[in-house]
Amino acid sequence: METRIIQPNNLHYAADILRSGGVAAIPTETVYGLAANAFDADAVDRIFIAKGRPQDNPLIVHVDSIAMAEGVTCRFPDAARILAERFWPGPLSIILPKNDRIPNNVTAGLDTFAVRMPAHTVAAELIGICGFPLAAPSANISGRPSPTSAAHVLDDLDGRIPVIIDGGHCHVGIESTVVTFGGGGVVILRPGSVTAQDIADAGVEVRMADGISDSRDEIPLSPGQKYRHYRPNAKVILIIGTAEEFAEYTNSHADSRSHALVFAGEEHLLSIPCRSFGQATDPLSQANLLFARLREFDKDAAEKIYVRCPHADGVGAAVYNRLSKAADSTVILSEKEVR
């Protein structure tokens, strides 16, 4: 199969593929998604085949309006409506009970599904042209770092899918926050750039789910819960500590095939090749660059990556979640460094 990269002025070409039961890689503000008609079970199966994705890992349904979301659920609770009106379009996915229009392979057999309204204008326009919602996980080989550019998608899925829509670099850079409802409030199943504080500021009680970084033995309610994700080819070693502690540990343990991922301005502390992923005090910049940097290490043929751990609060909690999923091991030098 030839994989064609098209520009956003050619969306009708991609829409025709989706209408005929095919798949297309689409840009969103979070990461690129591998989309199919959410009402077509056979088309959805093509997502799992192209990605090599486990069938028990549910997909997120993307809509272009609250009205479209209402058309695929049997119940839209008041709390969900508050969140949708506050954060849509945007990087928040809401778990809702599905109706019969959503096939079971979208939800991994669950009676609930995650739905969101992407903020990327290309994704929104494409959904509008199609006239149906799109089921779409990240457009990568399952388990790899998520793609934040069309080039990343091509690296993983060239020859596996017919088309990639090039919408530029994703400005958020990590997957959406996923929430469900329980105990009288909102429960965050997967952290993202919509934070617990953002939700609390909307007047909704919120808490983080237990075991949010490791629920491999459970049936996942949300993508990103059960399986190892976001992993480059190299072994990832997550280091929790100050910049100086990180540098001392890394410099003493690294070998000739080791690289490091640090915050901007810390590069001079390392005796091995390193890349930076944003400022230590700016988790939004960390989120925006994380997956691109992990993929760059693959181009470098790195065998080990020592990563300086971000503070795990606010958006930093989402960055920490992705790194903890990607890591082969974690070294704690200063417990206080993760808040």
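**A buried tyrosine and its surroundings**

Mentor: Tyr230 counts as buried, at 3% relative accessibility. Keep in mind that this is a predicted model. Tyr230 sits in the loop between strand S11 (206-208) and strand S12 (235-240). Its backbone deserves a look. Tyr230 is not a glycine, yet its phi is positive, at about 65°. Most residues other than glycine have a negative phi.

Ala108 belongs to the loop between helix H5 (104-107) and strand S6 (112-116). Its setting is partly exposed, with a relative accessible area of 24%. The cut-off for buried is under 20%, so Ala108 does not count as buried, while Tyr230 at 3% does.

One more backbone feature is in a loop. The peptide bond from Trp88 to Pro89 is cis, with omega near -10°. Most peptide bonds are trans. Pro89 lies between helix H4 (78-87) and strand S5 (92-97).

Now go to helix H9, residues 243-253. Ala243, Phe246, Ala247 and Thr250 are its buried residues to check. Look down the axis of H9: the buried residues fall within an arc of 95°, so they line one face of the helix. Turn to the other side of H9 and you find Glu244, Glu248 and Ser252, which are exposed.

Finish with a helix pair. Helix H10 spans residues 283-299, and helix H11 spans residues 315-326. Their axes come within 8 Å and cross at roughly 30°. Angles under 35 degrees count as roughly parallel, so H10 is roughly parallel to H11. The crossing of H10 and H11 is left-handed.

Which residues meet there? From H10 come Pro283, Leu284, Gln286, Ala287, Leu290 and Phe291. From H11 come Val315, Gly316, Val319, Arg322 and Leu323. By class, this contact of H10 with H11 has eight nonpolar, two polar and one charged residues. Arg322 is the charged one.

Terms used:
Residues are numbered from 1 along each chain as its sequence is written. This is a predicted model: local features need pLDDT of at least 70, side-chain atom pairs count only at pLDDT 80 or more; totals for chains, interfaces and linings use all residues. Side-chain values use heavy atoms; hydrogens and water are left out. Helices (H or I, at least four residues) and strands (E, at least two) are DSSP runs, numbered from the N terminus. Buried means under 20% relative accessible area, exposed over 50%, partly exposed in between (1.4 Å probe, protein chains only). The arc is that of the directions from the helix axis to the C-beta atoms. Axes are lines fitted to C-alpha atoms, for helices over the stretch in contact, and angles run from 0 to 180 degrees between N-to-C directions. Angles under 35 degrees count as roughly parallel, over 145 as roughly antiparallel, 65 to 115 as roughly perpendicular and the rest as oblique. A crossing is left-handed if the near helix is turned anticlockwise from the far one by less than a right angle, and right-handed if clockwise. Contact means heavy atoms within 4.5 Å.
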